[in-house]
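Please open the model in your viewer and display both chains. The tour below moves from the whole interface to individual residues.

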Number of protein chains: 2
Amino acid sequence: MSLPAALPEPPYYAVIFASQRNASDPAHYGEAAARMLELAARQPGFLGVDSARDTSGFGLTVSYWRDEASIAAWKRDSEHAATRERGRNAWYDAFEVRVAKVERAYGRGAAA
Amino acid sequence: MSLPAALPEPPYYAVIFASQRNASDPAHYGEAAARMLELAARQPGFLGVDSARDTSGFGLTVSYWRDEASIAAWKRDSEHAATRERGRNAWYDAFEVRVAKVERAYGRGAAA
């Protein structure tokens, strides 16, 4: 079972990444995706991430950040930038990035 | 192939719903989920939705709205409210809702 990311109280920022994977190069894609998560998690200001991809290859990854400066720094990271370009050219048929400020949140973790 | 929702220029609002499905009652759940999307799409201020659930049952649904008032009206819809309660009690082991204001967006639709 996965749980939604445990985050501090808002406000914080969300980067919503929606993408349609093509069928090409699944081994390298899987490796790169895992590496990007590992790298992101080490960035200052990274708060957490939720991700799901369905069997058609459509996926949503929402990463959470303390502030806009953290997002900008992660965007500039050189390994991230190189992998991002590769993803856009080789692995995704379509994608959309939306940057949003989370204003409120509520929910319920796993029932006891 | 699915494409990320086509939306107007920001600003607009996103409701990020992260959830872990349990294994119970898949037929009614599927019916109710489809019905909720159909109902949401008819609400004033609804702009679009992206959704993905992986094979473990973890899913993200991000619905997009013109403004906070549209989100509040949808939240008050009585059929939505009843189904939401049912979902929280019967179908989800955990969930989190995050309401965010989308400030910028960019991407690339399906390559020609």
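Begin with the two chains together: chain A and chain B bury about 4100 Å² between them, of which carbon and sulfur atoms give 55%. Buried area here is the accessible area (1.4 Å probe) that two parts lose on being put together, summed over both.

The model is predicted, so local features need pLDDT of at least 70 and side-chain atom pairs pLDDT 80 or more, whereas totals for chains, interfaces and linings use all residues. Residues are numbered from 1 along each chain as its sequence is written, chains are lettered from A and ligands numbered from 1 in the order in which they are written, and side-chain values use heavy atoms, leaving out hydrogens and water.

Now select the contact residues (heavy atoms within 4.5 Å): 48 come from chain A and 48 from chain B.

A salt bridge places a side-chain nitrogen of Lys or Arg within 4 Å of a carboxyl oxygen of Asp or Glu. Four salt bridges are counted between chain A and chain B.

Finally, select β4 (92-108) of chain A, a strand (E, at least two residues, a DSSP run numbered from the N terminus). Thirteen, written 13, bridges join β4(A) to β4 (residues 92-108) of chain B, and the two run antiparallel. Within this pairing (at least two DSSP bridges), A:Ala105 stands opposite B:Arg98.

Conventions: Helices (H or I, at least four residues) and strands (E, at least two) are DSSP runs, numbered from the N terminus.
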